[in-house]
Structures are given as structure tokens and as C-alpha cells.
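Open the structure in your viewer and keep the selection tool at hand. Each stop below says what to select and what is there.

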Amino acid sequence: MNSIKEPATRSFMEMVERRNPAQPEFLQAVHEVAMAVIPFMEEHPEYVKANILERMIEAERIMIFRVPWVDDEGNYRVNRGYRVQMNSAIGPYKGGLRFHPNVTLSILKFLAFEQVFKNSLTTLPMGGGKGGADFDPKGKSDKEVMRFCQSYMTELFRHIGKDTDIPAGDIGVGAREIGYLFGQYKRLANQFNGILTGKGYAYGGSLIRPEATGYGLLYFVDEMLKKNGDSIKNKKVVISGSGNVAQYAIEKTIAFGGIPLTASDSDGFIYDPDGIDTEKLAYIMHLKNVERGRISAYAEKYGCPYYAGEKPWKIPCDVALPCAVQNELDEKDARLLVRNGCTLVAEGANMPTTPAAISYLQANGVLYAPGKASNAGGVAASGLEMSQNSLRLYWTREEVENRLKVIMHNIHEQCKKFGRKEDGTIDYVKGANIAGFVRVADAMLAEGHV
Ligand code: NDP
């Protein structure tokens with residue numbers, strides 16, 4: 001953190017580093033917020049006096065637990081499960097579960113911290129949390145995944161509740177895993193309630209929830225471009241990932257008249273110079289969601305280039321949408337994007353752009369939206385799923401999508417309010433962080449020192 005010029009921010013970050021050693025992702029997420037919020041707090045002494053930021057970076061509660069399970073060969077296996085309950089000032093803890101071999105406490109604390117600000121930006125009553133396990137669903141049978149989910153929920157169920165903490169999906173936790181987790185919760189708690197979001201429609205899920213993160217991302221991009229009298233029509237769009245967020249980002253890009261050129265997974269990326277159309281997207285969805293195959297199969301089927309072990313940022317484009325994983329777009333990638341004429345980067349994933357890459361993009365006039373603003377559509381639709389569950393009603397597709405559009409528009413308005421620069425452009429990092437902070441901070445002030 002040597003680049004921090006302001007003394008107050010530097011000494012704050014030194015304290016955070018001392019108290020959270022060996023947690024680089026968490027420090028990175030706190031650093032971004034601190035850079036935006038500390039100068040703002042200096043003009044609002046009530047936040048400084050109440051030590052709000054120092055309290056915000058401390059999780060209210062963290063559970064770490066053993067998850068034992070038996071594989072198909074009868075071997076005893078064990079993984080580490082987590083739930084980070086970060087902040088409940090404005091509502092019950094809310095945030096997804098990630099099942100991925102790289103999951104660590106640092107990654108889940110960064111995700112939970114981001115979630116606090118993102119949930120606040122939606123204006124819905126949701127606090128922030130995140131959880132998961134270092135379990136890899138890839139290559140496991142459905143029965144193994146079911147046994148793992150049941151064991152994970154057997155511990156988690158005592159810590160969550162529909163008015164306490166409502167988990168959802170994230171990397172490695174999709175419709176299949178949510179179904180198994182919900183089934184086990186229902187059995188243990190003897191209650192049918194909206195304990196998880198991202199549920200199947202047959203048992204309390206919301207229409208548009210699967211689409212919401214990718215759709216919301218494109219609504220946000222549309223707002224960013226509209227502000228400059230522009231649109232995504234005919235723009236070349238480079239997208240990473242081929243999971244839930246990427247799939248629906250591709251779908252909405254096509255619907256808006258943009259041209260999605262790439263998709264990727266952890267093995268490499270495909271580049272389709274003709275653009276991914278609706279039929280090719282249907283193939284990706286089948287490949288990833290049903291066959292659970294690799295994206296390289298797309299290149300074989302459609303005869304287009306596949307780049308093993310590479311990221312898609314070297315493909316010339318107007319718009320780049322990182323939708324896979326944290327820190328997947330670094331300064332070298334940012335330089336390539338700028339050199340090739342990219343003018344907008346909006347995050348579908350959480351923290352996919354490194355701090356050096358963000359600085360480079362902003363210094364070179366690229367419009368850049370942080371995930372806590374541009375990917376908030378997913379948790380917003382989760383909030384709408386919670387409302388429907390409480391009402392014991394289902395809203396129509398149109399009703400949910402219209403609410404989602406309004407929420408993304410309002411997030412953009414909040415970024416404008418707190419991030420407007422003297423030249424009329426918007427600093428989305430500053431705007432999103434301050435807007436997200438203010439609501440949570442005001443609730444914490446009102447609730448006293450708890
Ligand atoms: P999925 O599990 O559906 O998809 C993840 C995608 O990222 C897959 O294509 C996966 O490839 C790829 N990926 C995973 N690890 C790496 C890696 N190390 N390098 C390159 N690619 C990788 O997850 P989601 O689409 O749900 O989530 C994607 C991102 O969006 C995450 O950062 C998540 O936190 C964020 N997000 C998700 C929301 C949601 O509603 N789902 C809401 C807001 C943010 P492979 O198949 O090889 O693993």
C-alpha cells in the first residue's frame with residue numbers, strides 16, 4: 001500500500017494490515033473503500049468520532065467448520081466450511097456461497113465486505129455476508145455434490161435464518177447446489193421458508209433471478225453510455241467467464257444489439273469474430289450447465305480460435321466485461337485494452353480488476369464501473385425473491401425485471417451524486433463506495449455502539 005499519499009488513509013491501512021495478516025484479497029477490498037471514504041469522512045466528523053470505518057472492517061461474526069463427506073468410492077473426505085457475517089446494520093446478512101478449491105478466509109472476507117456496500121447501494125434492506133468451502137464441485141458426481149451440500153448445511157443451518165442470514169449462490173454454487181442445500185435446511189429446521197435465494201421456481205424461486213446479475217450489468221452499462229449520448233448497439237464486447245453471470249451478460253448484450261466476441265473458463269478462452277448469437281449462446285448454456293464441459297468445445301463446434309491458458313483482454317473491443325473471478329484483469333491487460341481502443345470496463349465479477357489496472361484505465365479516460373455497483377443486480381433480485389417469499393406470492397417476469405431496471409438506474413444515480421467530478425464525468429469507484437458507505441454508516445450511528 002506504498003502508493004497511499006494521504007496520511008490518514010496510510011495509517012488506517014497499516015492498522016488493517018497488522019490486524020489481518022496474510023489476507024491480501026481482504027486488504028485489497030478495504031483499501032479501495034478506504035481511499036474513497038476516508039477523505040469523505042474528514043468532512044463528516046460524526047463518522048470519524050464514532051470510529052465507523054474501523055468498526056465496519058471487523059466482521060460481526062465468522063464461523064469456520066469441518067465438512068465431512070464420503071465420496072463415491074467410499075473414501076472419507078473433509079473440507080473447510082465458512083460463513084462470514086460481516087454487517088447487519090441495514091438488514092439480515094445476505095450474500096452468496098462459493099464452492100471452489102481456492103476459497104480462503106481472506107477471499108470470503110473480501111467478498112463479504114464488498115457485499116455490505118453493494119447491498120446498501122440496492123437500497124433494499126439487506127446486510128452483508130458471504131460463505132462457502134474449499135470444495136471443488138468440478139469432476140464430482142451429482143451424488144457426491146449432494147452429500148457435500150447436505151453435510152455443509154448440517155452445520156450452517158444453526159447459524160442462518162430467514163430474518164438472520166440468507167445465503168445464495170456464487171462460483172460453484174448454482175441451481176443444483178441451492179436445491180440440495182435447501183432440501184437439507186428444510187429437513188433439519190422443519191420449516192419451509194425463504195432461507196436461500198436463487199431457488200428453483202418450483203420451490204419459491206423468483207423469475208429473473210438466474211438472469212439478474214448479467215442483465216443488471218448490461219442495464220448499468222446502458223446507463224453509463226446513455227449519459228454520454230451513446231449506446232451499446234454495434235459495439236464489440238469482450239466477456240470473460242462462461243458461468244451464470246457471463247451467460248446472461250452475453251444474452252443481454254445480444255438483446256441490446258452489441259456483439260459479444262469471447263467467452264472463457266479457467267482453461268482458456270474462445271474468440272468468435274462473427275459474434276456469439278442466440279443459438280451459439282444456447283450451446284454454451286447446455287455445454288456449461290448440463291454437460292458441465294469445457295469452453296474449448298465451442299471452438300471445435302464452430303471452428304473459431306481457442307487460446308489455451310490465456311485471458312480474452314487482447315482481443316480488440318469497445319467494451320470489456322470481466323465476469324469470471326477476482327484479479328483476472330491486471331495492468332498489462334488494461335494497457336492492451338486501452339491500446340486496442342476499449343472505452344468502457346464494467347465488472348460482472350467481484351473485484352476482477354487489480355488496483356493498478358483500475359488506476360491505468362481511469363488515467364486513460366476509460367469509463368470504469370466497480371462490481372459493487374455494476375453487478376448488484378443479482379443480489380437485488382435476491383432481495384426481490386425474499387420479498388415474494390415473505391408475501392407468499394410470485395411476481396411476473398415483467399414485474400421483477402422492471403424493478404431490477406429501476407434499481408440499476410438508481411444505483412447509477414447514486415454514483416452520479418457522490419462521484420461527479422468537476423469536468424462533469426463520474427468517478428464510479430468514489431461514487432459507489434461513498435453512496436454504499438453512507439447508508440450503512442448512518443444506520444450504525446443510529447443503532448449505537450453495538
Ligand atoms: P459460475 O461458477 O457460474 O462461473 C464462474 C466462471 O468463472 C466459470 O466460467 C469459471 O470457469 C470461471 N473461472 C473460475 N475460476 C477462474 C479462474 N481462476 N480463471 C478464469 N476463469 C475462472 O459463477 P458466477 O458466474 O455466478 O460468478 C462469476 C463472478 O461473478 C464471481 O466473481 C462472483 O462472485 C460474481 N458474482 C456473481 C453473482 C451471481 O448472482 N451469481 C452476483 C454478483 C457477482 P470454470 O468452469 O473453469 O471454473
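A helix here is a DSSP run of H or I with at least four residues, a strand is a run of E with at least two, and both are numbered from the N terminus. Keep in mind that this is a predicted model.

**Stop 1: helix H17**

Select residues 428–447, which make up helix H17. The helix has 20 residues, and 29 Å separate its first C-alpha from its last, close to the 28 Å expected at 1.5 Å a residue. Is H17 mostly covered or mostly open? It is mostly covered, since 14 of its 20 residues are buried.

Now look at the two ends. Asp427 caps the N-terminal end of H17. One of the side-chain oxygens of Asp427 is 3.1 Å from the backbone nitrogen of Val429.

**Stop 2**

Select Thr123, in the loop between helix H5 (105–121) and strand S4 (128–133). Thr123 is not a glycine, yet its phi is positive, about 70°. With 44% relative accessibility, Thr123 counts as partly exposed.

Next select Asn327, in the loop that runs between strand S11 (319–321) and helix H12 (331–339). Asn327 is not a glycine either, and it has a positive phi of about 55°. Its relative accessibility is 28%, so Asn327 counts as partly exposed.

**Stop 3: the cysteines**

How many disulfides does the model have? The count is zero. Select Cys317 and Cys342 together: the sulfur of Cys342 is the nearest cysteine sulfur to that of Cys317, and it is 4.2 Å away. A disulfide needs the two sulfur atoms to be within 2.5 Å, and Cys317 is in no disulfide. Cys317 counts as buried because its relative accessibility is 4%, under the 20% cut-off.

At 8% relative accessibility, Cys323 is buried.

**Stop 4: Asn350 and its contacts**

Select Asn350, in the loop between strand S12 (344–346) and helix H13 (355–363). Asn350 has a relative accessible area of 11%, so it is buried. Which side chains does it contact? Show Lys118, whose side chain is in polar contact with the side chain of Asn350 at 2.7 Å. Then show Asn375, whose side chain makes a polar contact with the Asn350 side chain at 3.2 Å.

**Stop 5: the cavity**

The count of cavities of 30 Å³ or more comes to one. The largest cavity has a volume of about 40 Å³. To find it, select its lining: Glu32, Glu114, Glu347, Met351, Thr353, Ile358, Tyr368, Pro370, Gly371 and Lys372. Colour these residues by class, and the lining of the largest cavity divides into four nonpolar, two polar and four charged residues.

**Stop 6: Met285**

Finish in helix H10 (residues 278–290), where Met285 lies. Is Met285 buried or exposed? It counts as buried, because its relative accessibility is 17% and the cut-off is 20%. Now draw a distance line from the C-alpha of Met285 to that of Ser240: the gap is 15 Å, and the two residues are 45 residues apart along the chain.

How values were computed
Residues are numbered from 1 along each chain as its sequence is written. This is a predicted model: local features need pLDDT of at least 70, side-chain atom pairs count only at pLDDT 80 or more; totals for chains, interfaces and linings use all residues. Side-chain values use heavy atoms; hydrogens and water are left out. The expected span of a helix is 1.5 Å times one less than its number of residues. Buried means under 20% relative accessible area, exposed over 50%, partly exposed in between (1.4 Å probe, protein chains only). A polar contact is a pair of N or O atoms within 3.5 Å; within protein, one must be able to donate a hydrogen and the other to accept it, and residues adjacent in sequence count only if both atoms are side-chain atoms. On a 1 Å grid over the protein atoms alone, a cavity is a set of points where a 1.4 Å probe fits but cannot get out, and a pocket is an open set with protein on both sides within 12 Å along at least five of seven lines; lining residues have an atom within 4 Å of a point. Grid points are joined across faces, edges and corners, and a volume is the space filled by probe spheres set on the points. Ala, Val, Leu, Ile, Met, Phe, Trp, Tyr, Cys and Pro count as nonpolar, Asp, Glu, Lys and Arg as charged, and the others, Gly among them, as polar.
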